[in-house]
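Please read these notes with the model open beside you.

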Amino acid sequence: PGRWSLHGKTALVTGGTRGIGRAVVEELAALGAAVHTCSRKEAELGERLKEWEAKGFRVTTSVCDLSVRDQRERLVGEVAERFGGKLDILVNNVGTNIRKPTTEYSAEEYSFVMATNLESAYHLCQLTHPLLKASGSGSIVFISSVCGVVAVCSGTIYAMTKGAINQLTKNLACEWAKDGIRTNSVAPWYITTSLTEGLLANKEFEASVVSRTPLRRVGEPGEISSLVAFLCMPGSTYITGQTISVDGGMSVNGFY
Ligand code: NDP
């Protein structure tokens with residue numbers, strides 16, 4: 001396999017039916033990886049699977065609610081079986097947001113966002129550690145957010161989970177380097193997906209986002225999946241513990 005290929009690699013990408021996760025599944029599969037993905041909706045997984053098979057991609061799927069502990073355990077059991085006890089790539093993509101003022105969050109909303117964004121990613125790292133170690137050159141990529149790098153007015157619980165993921169990235173990079181596992185985090189700004197389409201449909205809001213973004217537009221899922229693929233390739237084997245923002249320059253914009 002070449003330096004710019006994922007041929008022969010195996011990957012678990014969470015939340016692959018829409019948005020960034022879907023782009024990551026397609027990018028990794030197009031580069032030659034065998035990919036397993038999941039979401040909560042069986043029908044949508046089935047539709048995607050038909051499209052992927054038509055393109056010749058090697059993708060398999062599980063229905064799984066990643067906010068639930070025993071469903072995560074079952075998922076990783078299925079992955080271990082499919083890939084023969086080894087895994088090269090884990091992309092922790094699943095995440096959601098509830099946008100409201102901090103004083104208005106309920107205890108249930110706090111637990112839901114924490115479980116979906118942070119606990120699921122943390123626990124999947126624990127569960128897949130033996131598989132990634134067995135690969136001899138494992139790569140974990142978290143889909144974080146610039147909300148975990150700078151303060152953005154889009155929900156404090158979400159921002160806390162993303163900030164924690166960026167720290168987890170650093171700790172695991174150091175703790176698991178000896179196991180041949182690299183860990184990096186990709187931090188997008190606004191990307192057009194089902195998560196943001198409602199917000200971005202508000203043209204006034206979109207204009208305010210764009211006005212803070214030096215490249216003067218929002219991003220596309222394929223502009224995230226390209227970096228994720230690079231972070232899993234032999235060409236990036238000296239990069240670990242990093243959070244890389246993919247944000248059109250937003251997080252470095254002092255006042256332009
Ligand atoms: P979408 O909501 O468009 O897609 C999310 C995907 O994850 C879907 O496939 C969804 O399927 C799946 N999913 C959601 N919850 C669960 C769950 N509990 N268990 C299993 N699967 C689940 O989101 P995006 O693509 O926009 O976001 C992906 C990641 O990127 C998130 O971590 C998000 O925080 C991050 N991000 C996104 C940005 C953006 O502007 N879009 C900006 C910065 C970061 P289903 O609902 O059927 O389960």
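Predicted model: local features only at pLDDT ≥ 70, side-chain atom pairs only at ≥ 80, totals over all residues.

1. A polar contact here is a pair of N or O atoms within 3.5 Å; within protein, one must be able to donate a hydrogen and the other to accept it, and residues adjacent in sequence count only if both atoms are side-chain atoms.

2. Residues are numbered from 1 along each chain as its sequence is written, and side-chain values use heavy atoms, with hydrogens and water left out.

3. The backbone of isoleucine 191 places a polar atom 2.8 Å from an oxygen atom of the ligand. The protein buries 97% of the 880 Å² that the ligand exposes when taken alone (Shrake-Rupley method, 1.4 Å probe).

4. The shell around the ligand holds 30 residues, the closest being Thr17, Asn93, Tyr158, Thr193 and Ser194; a residue belongs if one of its heavy atoms lies within 4 Å. By class, 11 are nonpolar, 13 polar and 6 charged (Ala, Val, Leu, Ile, Met, Phe, Trp, Tyr, Cys and Pro count as nonpolar, Asp, Glu, Lys and Arg as charged, and the others, Gly among them, as polar). Helix H1 (19-30) and helix H5 (156-175) are the elements that give two or more residues to this shell (helices are DSSP runs of H or I, at least four residues, numbered from the N terminus).

5. Arginine 216 deserves a check of its backbone. Its phi is near 55°, a positive value in a residue other than glycine. Most residues other than glycine have a negative phi. Arginine 216 lies in the loop between helix H7 (203-211) and helix H8 (222-231) and is partly exposed, at 44% relative accessible area (buried means under 20%, exposed over 50%, partly exposed in between; 1.4 Å probe, protein chains only).

6. Threonine 213 is also placed in the loop between H7 and H8. Threonine 213 is buried, with a relative accessible area of 0%, and its side chain reaches the backbone oxygen of valine 209 at 2.8 Å.

7. Leucine 124, in helix H4 (residues 107-135), is buried at 0% relative accessible area. Its C-alpha atom is 9.7 Å from that of valine 91, 33 residues apart along the chain.
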